Amino acid sequence: MKIFFAFVRKEFWHVIRDKRSLIILIGLPIVMMLLFGFALTSEVKNSNVAILDFAKDEATQKLITRIDESEYFTVKKTLSSENEIKGEFQKGEVRLVIIFPPNFQNDLRHENKSQMRLVADASDPNTANITINYASAIIRDFQSDLSNNKKLPYTIDLETRMLYNPQLKSSFNFVPGVMTLIMMLLGAMMTSVSIVKEKEMGTMEILLVSPMKPIMVLISKAVPYMVLCFIDIILILLMAVYILDMPIQGSIVLLLAESLLFIITTLSLGLLISVNVDSQQVAMFISLVGLLMPALIFSGFMFPIENMPLPLQVMSNIVPTKWYYNIVKIVMVKGLGFSYIIKQTLILLGMTVFFLTIALKKFKIKLE
Amino acid sequence: MASILIENITKTYEKGTVLALDNISFEVKAGELFGLIGPDGAGKTTLFRILTTLLNADSGKASVAGFDVQKDLWDIRKIVGYMPGKFSLYQDLSIEENLNFFATVFNTTVEENFHLIEEIYVQIEPFKKRLAGKLSGGMKQKLALCCALIHEPKVLFLDEPTTGVDPVSRTEFWDMLDRLKARGITILVSTPYMDEASRCDRIALIQKGKILEIDTLEKIIENNKRPLYSVKADERYKLMLELRDYADTETCFAFGSENHVVLKSNDKGFDAMKDFLSSKNYSDLEIKKIEPNIEDTFIKLMLESEK
C-alpha cells in the first residue's frame, strides 16, 4: 500500500510539473465547455431580420413588434421593394426576410386567412432551418392569440411540446458529449502516453527489475488519472449547472457513479494501448484516431446514429462512448433512474472487464 | 562460490538473424568486481538484460546469487541492483524524490540503508532539490548508483556507468565501486573504456557476442604477449601507410601519435624494420620496444577471433 501511494504521489508530480499536460487536463474541459456553450452553439440568438411590409397595418405592426421583442430576432431593416432582398442577403447582414402582402389585416379579417412569406439565407442550412422554425413558432403564437377571440371552423390546433428540453438548448446535447469526449481523451490518451513514456525514458526497465508486480505498476499509473478525470467531470457539471443553466434532472450520485465506471473503461482502454505500443507518438496517434474519432462519430453527440447505414449502426455498439453518452442523457437530461440504464451499465462494465483482462495478460514483465 | 553463473547463453534478435550473444559462458565469484569490456554493440547490454531477467536467452542457462534467471525471476528482482546504460531516472523529479521513490518501490526507506549510499549521496546532497534532468553527467551517474544501491542489493549490475562522464568523476566512481566491493557486494560492470579494466578484479573481453578471454588484466596481457614496437615520426600518416605495406608487418595501429607494430618474425625482424624505416628519411624517427597494454591485447584478440 505504501508503494502504491508513493507511486500515485510520483504520478501527480509528473502531471503537475509538466505544464502542458496540466493545461490539457484542466484547461481542455473548460475550453471545450466554453466553446460549445458560447461559440460553437447551434442555437440562433438575435438573428438580424429584414421586414418587407406592403400592408403597413395594425396586424403587421403587432407581429413585427412581437418578432423584434423575441430573444431570437432583431429587426434590423425595413425594405421597400423585393429587389432589395437579394442585396441584403449578399451583404450578409440579415438571415431572414419577412414579407407581408398588401391587405394583410383585411384578408385576415374578411377571408379568415392571409399569407406571408419567409425568405431565409440557406447558405447555412442548419441556421436557416432554425430561424424559419423560430419565426414560424412566433407567427403561430400570434395566430392563436387572434383566434382566441373568435371561433374558426375546421382549424387544427397543432400544439407541439419539446419534451425534456423545451427551449431546445444545445447544451442538453453537448454537455453529455463533452463529458464523453473529455473522458475518452484524458482517460485513454493521457494514461497510455504516461505509461509508454516510462518505456521510452527507460524508467520501465528499472521498475521491471524491482519486486513490483505488473498489476501494481498498471493500477498505480491509472489511479491518478482516474482522480483527475473525476475532477474534470465535476468541473464540467459545475459549469453546466452554473454557467450554462443546464439543470441535472436525475440523481447526481447515479450520474457520478456511472461517470466513474466510464472513466475506468477509458483508463483500461488506455492501459490496453500502452501495453501494445512502444512510443508516445504511436500511443497518441492510436488514441486520437482509434478512439477519439469513433467516439466523436459514434456517440450520437454530433450525428444521430439512427440516420447511419446499418453496418455503421451495428458498429456503433462496440464504441463505449455511445453507451456512456446514452447514460448521461437519460440521467442528466431526462432525469430517469437506474432501472433505465441497467443495460448500458452492464455493457460498459463488460467492456471494462474485457479491456482490463487483455491489458493485464499482455503486460510484459520483460522487455521483449 | 559463483555469484553469477552463465552457461552457454545464446541470444539472437530479429528472428534469429542478428546474433547478439554467441554461446558464452563464465562465472563471477561472490564479492568480485568483474568487468565486461568491449566496444559498442559487443553484446554487453544484452547480457545485462538477460541476467537482470529483462530478456530471455534463446538457449543456455544463467543464475544470479543461486537463482535461475528464468524460473526465479521474482527472487532475482528483489536482490539485484541495476543501473541501465541510459540514464533512466525520472528527469522531472528531484534527487531526493527519485531516491525516496525507488526506496519505496523496493520496500525500504532511504534512512534504513543510508549507510550504503552515504559516501556517494553526500556529494550530491547539496543539490537534492534539483530535478534529475538538470544534473550534470557525473551527478546523474551518482544518483543512479544511489538508486540502484538503496535496497542493499547482493549483486550490482552496472551497464556502462562511466560513459559520458568526465575523467575525474570516472576515477571517483571506480573508487566508490572499490568501497562497495569491500562491503561484499558482487559487481558486474561493463565499459567500453579499456583503461578502466585495471580497476577490476577480473575482466572478460567481449566482441561481437563472443568472449575473447577471461582472466585478470595482467594475465590476459601476459598470455597474449608478443614483441611490440612503438614507431613515431613527424609524418604520421605516411609512416602508418608505409608500415602497413611493409612485408613483415603483422599488425600496425595508430595510438595517439604513435604506431604500435607487431612483426610476423617477432624480434628477429626488428633490425630489418629499423633499416627499412631509416632508409625512408623520416624526420624525428623514433623506434622503441614497449610493453603491450590492454588495448593492444584486445586488438590482437579481436583480430584472432575474426580469422
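Domain bounds here come from an automatic or database domain assignment. This is a predicted model, in which local features need pLDDT of at least 70 and side-chain atom pairs count only at pLDDT 80 or more, while totals for chains, interfaces and linings use all residues. Residues are numbered from 1 along each chain as its sequence is written, and chains are lettered from A and ligands numbered from 1 in the order in which they are written.

Start with chain B. Select 2–222 for domain 1 and 226–291 for domain 2. The C-alpha centres of these two domains of chain B are 40 Å apart.

β1 and β4 of chain B run antiparallel and are joined by five bridges; two strands pair if DSSP finds at least two bridges between them. Leu5(B) is opposite Ser63(B) in β4(B).

In β5(B), Asp68(B) stands opposite Ser63(B). The hairpin of β4(B) and β5(B) has two residues between the strands, and Ala65(B) takes a positive phi near 50° there.

The contact (C-beta atoms, placed from the backbone, within 7 Å) takes 22 residues from chain A and 24 residues from chain B. On the chain B side, α2 (73–79), β6 (80–83) and α3 (95–105) each supply at least two residues. α3(B) gives the most, with four residues.

Note on methods. Two residues are in contact if their C-beta atoms, placed from the backbone, lie within 7 Å.
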